[in-house]
Amino acid sequence: MTPQQYCQQKTASSGSSFYYSFLFLNRQKRAAMTALYAFCREVDDIVDEYTELKVAQVKLAWWRDEIKNLYLDKPIHPVTKALSPFIHTFNLSENHFLEIIDGMEMDLNFNRYQDFKQLQLYCYRVASVVGILSAQIFEFQNRKTLKFALDLGMA
């Protein structure tokens, strides 16, 4: 199975309607969005599937290292191998991928947020950042698009 096939299977099996929206994109953007979504599924599944806190933390730490590997052009996992050609093409920030992992880790540490500021940080990490990365892949033209991505993540 190729890295792209892995991501395709991961995305299709999620049951999300996002998969079908990707079908309307050109080949390159569809492959990039599928890999991005597969990454999000991978790290979210850790939080959803592993009830042992330490195991989940170790797995998320592995993904942090794997994102570093990706930006050193040494990806190991099929998802990061599939993301690799798009990092420079679409100017995808390493920090944004790390923010997503940090957001997933917040799921391990919190089941209720003490204030709106803490909730905003969570929404930024797990939703707004995904919107920003998506906007990069869609090759937005209007700088206001990033503000919309932030706001949509907060919503």
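A pocket is taken here as an open set of grid points with protein on both sides within 12 Å along at least five of seven lines. In this predicted model, the largest pocket has a volume of about 620 Å³. Its lining comprises 23 residues. Those that lie nearest the centre of the pocket are F18, A127, V130, G131 and S134.

Several helices contribute to the lining of the largest pocket. At least two lining residues each come from helix 2 (18–22), helix 3 (27–49), helix 6 (94–109), helix 7 (116–138) and helix 8 (144–154). Helix 7 provides the largest share, with 7 residues. By residue class, the lining of this pocket consists of 16 nonpolar, 5 polar and 2 charged residues.

The structure contains 1 cavity of 30 Å³ or more. The space within the largest cavity amounts to about 30 Å³, and its lining is formed by L70, Y71, D73, S84, I87 and H88. Two or more of these lining residues are supplied by each of helix 4 (53–71) and helix 5 (78–89). The largest share, 3 residues, belongs to helix 5. In terms of residue class, 3 nonpolar, 2 polar and 1 charged residue line the largest cavity.

Note on methods:
Residues numbered from 1 in each chain as written. Predicted model: local features only at pLDDT ≥ 70, side-chain atom pairs only at ≥ 80, totals over all residues. Heavy atoms only, no water. 1 Å grid on protein atoms, 1.4 Å probe; cavity = no way out; pocket = protein on both sides within 12 Å on 5 of 7 lines; lining within 4 Å. Points joined across faces, edges and corners; volume = space filled by probe spheres on them. Helix = DSSP H or I, 4+ residues; strand = E, 2+ residues; numbered from the N terminus. Nonpolar A, V, L, I, M, F, W, Y, C, P; charged D, E, K, R; others polar.
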